[in-house]
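Open your viewer and get your selection tool ready. We will walk through a few stops together, one selection at a time.

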Amino acid sequence: MQHVGVPTSSTSNAEPAVISGPGLSQTSAVEFPTQILNQRHRSWVQGLPRQCDAPTQSRPLIIAVGGGKGGVGKSLLSANLAARLARMGLKVAALDLDCGGANLHTYFGMSTVPAHLGDWLVHSKTDLAGVLTPTTVDGLHIASSQRDDVWAVADSLTGKGLGDLWSGVTGLGDLGYQVVLLDLGAGTSRQTIDLFCCAHAGIVTALPEPTSVENAYLFMRTALMRLLNHSAHRLGMENEGAAIVSFLNTDQEGAPTRSYTEKLRLLYQSNPVTVGAIASVLSGRLMGIMVNQTRSQADIDIGKAMEMAAQRYFGFSAAYLGYLNYDEVAWKSLRNKRLLLLDFPQSVIVRRLSEATNVLLKHCGITVGHGTKMGLTY
Ligand SMILES: Nc1ncnc2c1ncn2[C@@H]1O[C@H](COP(=O)(O)OP(=O)(O)O)[C@@H](O)[C@H]1O
Ligand SMILES: [Mg+2]
């Protein structure tokens, strides 16, 4: 994996810090091991929107599920991935941030929820913990944004509101939550991309069809520009950041078309310190790719092509996490008002989900096994 010429020193002297919370067994303590990647962590912080303060040690692992297009399976994946992680013994919160089309709760068989994100973010009636609703899965709570004040919630996710959301999310670490999953809305709105940029691991979900793949690339491109922007702002290098973004988006007439990675490498040669500092955000987060509703090997292979494009063209640390086959049990479980993972645990799609979860955890530096500790190295 190339990181646009950014030095990849990974030495650290951080001490291991074990956190454990309610509902955790002896063997499911989450450990920040000594080999924690300082460099990667710094790069991650640097890519956060400015209003998001540096997180504390007890921060949870934040996973965002996005992908540009609606109806590609973000919520199905978010719900079942969150459930899978909870069934492994982790304490998980899943937030429905698709303000205009919230239906994460539907995947858990709920038609309504007692409290909504708006009660916290818009009306200040309670805090984030106060809008978390238990689900049929032990250790998994969800926060829904399903209500008629959707625009207000969406509006609240910019500027200071994003900072508030961030404080709430990182604060969940102090309540024992180890993973926070963000189920994002469709499209590349500023709110959605900023939320995606906040995650340690962002999953781009796509269907194996041209429109969806195209939107996924647009999503990655927008996230890349936004990350570089955030990084430049954090470093007080706004002008340099604007120049980099402008260079990336300009093709000289007659010159060969270059990937963003190549262009960043070119810039890096002439100005390694500035460009290296700004572009290092790319090594601070993982771009996971999921292909949903596959029906053939050719469909499955699309994920590999997307992984290569994300790495080679955009410069992300990309990983094809896996695929979910098209399966009728998806809608059957919705009709049964039961979570897919619990309703059809033996189905092929649930097996694929488990495989993808393991790949994701591996990339996040978490190993799960009998009697082993889970180490987060993000
Ligand atoms: N692998 C699959 N097989 C069959 N149907 C699926 C699959 N994944 C998702 N669906 C269906 O597609 C629809 C859209 O999924 P959803 O997760 O709500 O999309 P998004 O959150 O991206 O808008 C839902 O009706 C869901 O049940
Ligand atoms: Mg959705």
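In which strand does Ala94 lie? Select strand β4, residues 92-97, and you will find Ala94 there; helices (H or I, at least four residues) and strands (E, at least two) are DSSP runs, numbered from the N terminus. Before going on, note that this is a predicted model, in which local features need pLDDT of at least 70 and side-chain atom pairs count only at pLDDT 80 or more, while totals for chains, interfaces and linings use all residues. Residues are numbered from 1 along each chain as its sequence is written, and chains are lettered from A and ligands numbered from 1 in the order in which they are written.

Stay on Ala94. This residue counts as buried because it has 32 C-beta neighbours inside 10 Å; the cut-off for buried is 20 or more other C-beta atoms within 10 Å, with C-beta atoms placed from the backbone. Beyond residues up to four places away in sequence, Ala94 touches Ser78, Ala79, Ala82, Leu104, Leu140, Ile142, Leu181 and Asp183 (contact: C-beta atoms, placed from the backbone, within 7 Å).

Next, select Val92 and Leu182, the residues with the most contacts inside the largest nonpolar core, which has 108 residues. Such a core is a set of buried Ala, Val, Leu, Ile, Met, Phe, Trp, Tyr and Cys residues joined through C-beta atoms within 7 Å. Helix α7 (residues 210-234) gives the most to this core, nine residues.

Finally, centre on ligand 1. Of the 17 residues around it, Gly73, Lys74, Ser75, Leu76 and Ala330 come nearest (near: C-beta atom, placed from the backbone, within 6 Å). Colour α2 (74-87), β9 (286-294) and α12 (329-335): each supplies at least two residues of this shell.

Methods: Buried ≥ 20, exposed ≤ 12 C-beta atoms within 10 Å, placed from the backbone. Contact = placed C-beta atoms within 7 Å.
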